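Subject: Structure handover

Hi,

Here is the structure for your files. Please open it alongside this note.

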Amino acid sequence: MARMIHILNGPNLNLLGKREPEIYGAETLEDVAQGCAALGKELGLETELFQSNHEGEIVEMIHRAREEAAGIIINPAAYTHTSVAILDALNAYEGPVLEVHISNVHKRESFRHHSYVSQRAEGVIAGFGVQGYSLALRRMAVLLG
Ligand code: CA2
């Protein structure tokens with residue numbers, strides 16, 4: 001059976017492709033889900049994509065991944081810069097964690113330069129648009145061997 005990868009997304013990413021295309025591009029989160037599912041098949045990985053606007057729900061998604069997922073790809077959105085709760089949940093997860101940002105957070109406001117999640121992540125991708133999710137999936141395949 002193919003190993004399962006959970007792709008977790010934080011607040012406002014449900015608006016992807018619908019607002020601010022100059023920063024986040026024209027593709028929707030549903031496009032990302034479909035693209036990752038197709039690439040996952042090639043790589044021998046199954047993918048499920050989740051999104052929530054609520055911090056506690058993201059913590060619970062990470063708890064669920066402990067039972068169900070061989071790896072986590074996460075774009076915690078604004079919680080990247082604020083959430084010790086998400087970091088703690090990721091620290092309780094045993095598999096590889098890859099952090100994705102659609103925009104180049106280092107080129108933006110200084111409050112986006114610090115990430116709690118980076119302290120846990122095996123790797124970070126930022127500024128590659130939604131292509132960052134597929135790059136992370138390819139890296140995940142390498143990490144899982
Ligand atoms: O670049 C990223 O992926 C971010 O994680 C996106 C977050 C932002 O707070 C982080 O600093 C960097 C914001 C997500 C908002 O997503 C939207 C998408 C389309 C339209 C409006 C918001």
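Below are the ligand site and then the salt bridges.

This is a predicted model: local features need pLDDT of at least 70, side-chain atom pairs count only at pLDDT 80 or more, and totals for chains, interfaces and linings use all residues. Residues are numbered from 1 along each chain as its sequence is written, and side-chain values use heavy atoms, with hydrogens and water left out.

**Ligand site**

The ligand is surrounded by 17 residues, each with a heavy atom within 4 Å of it. Asn75, His81, Ile102, Ser103 and Arg112 are the closest. By class, the shell splits into 9 nonpolar, 5 polar and 3 charged residues. Here Ala, Val, Leu, Ile, Met, Phe, Trp, Tyr, Cys and Pro count as nonpolar, Asp, Glu, Lys and Arg as charged, and the others, Gly among them, as polar.

For serine 103, a polar side-chain atom is 2.6 Å from a ligand oxygen. For asparagine 75, a polar side-chain atom is 2.9 Å from a ligand oxygen. Asparagine 12 uses a polar backbone atom, 3.5 Å from an oxygen of the ligand. On its own the ligand exposes 510 Å², and the protein buries 95% of that (Shrake-Rupley method, 1.4 Å probe).

The ligand takes up the space of the largest pocket. A pocket is an open set of points on a 1 Å grid over the protein atoms alone, where a 1.4 Å probe fits, with protein on both sides within 12 Å along at least five of seven lines. A molecule sits in one if more than half of its atoms lie within 2 Å of its grid points.

**Salt bridges**

The whole structure has 3 salt bridges (a side-chain nitrogen of Lys or Arg within 4 Å of a carboxyl oxygen of Asp or Glu). Arg108, Glu109 and Arg112 form a linked network. Glutamate 109 meets arginine 112 at 2.7 Å, N to O. Glutamate 109 also bridges to arginine 108, with the closest N and O atoms 3.9 Å apart.

Glutamate 109 is partly exposed at 36%. Arginine 108 is partly exposed at 21%. Arginine 112 is buried at 18%.

Glutamate 122 pairs with arginine 120, closest N and O atoms 3.3 Å apart. Glutamate 122 is partly exposed at 46%, while arginine 120 is buried at 12%.

Best wishes

Note on methods
Polar contact = N/O pair within 3.5 Å; in protein donor to acceptor, adjacent residues only side chain to side chain. 1 Å grid on protein atoms, 1.4 Å probe; cavity = no way out; pocket = protein on both sides within 12 Å on 5 of 7 lines; lining within 4 Å. Buried < 20%, exposed > 50% of the residue type's maximum accessible area, 1.4 Å probe, protein only.
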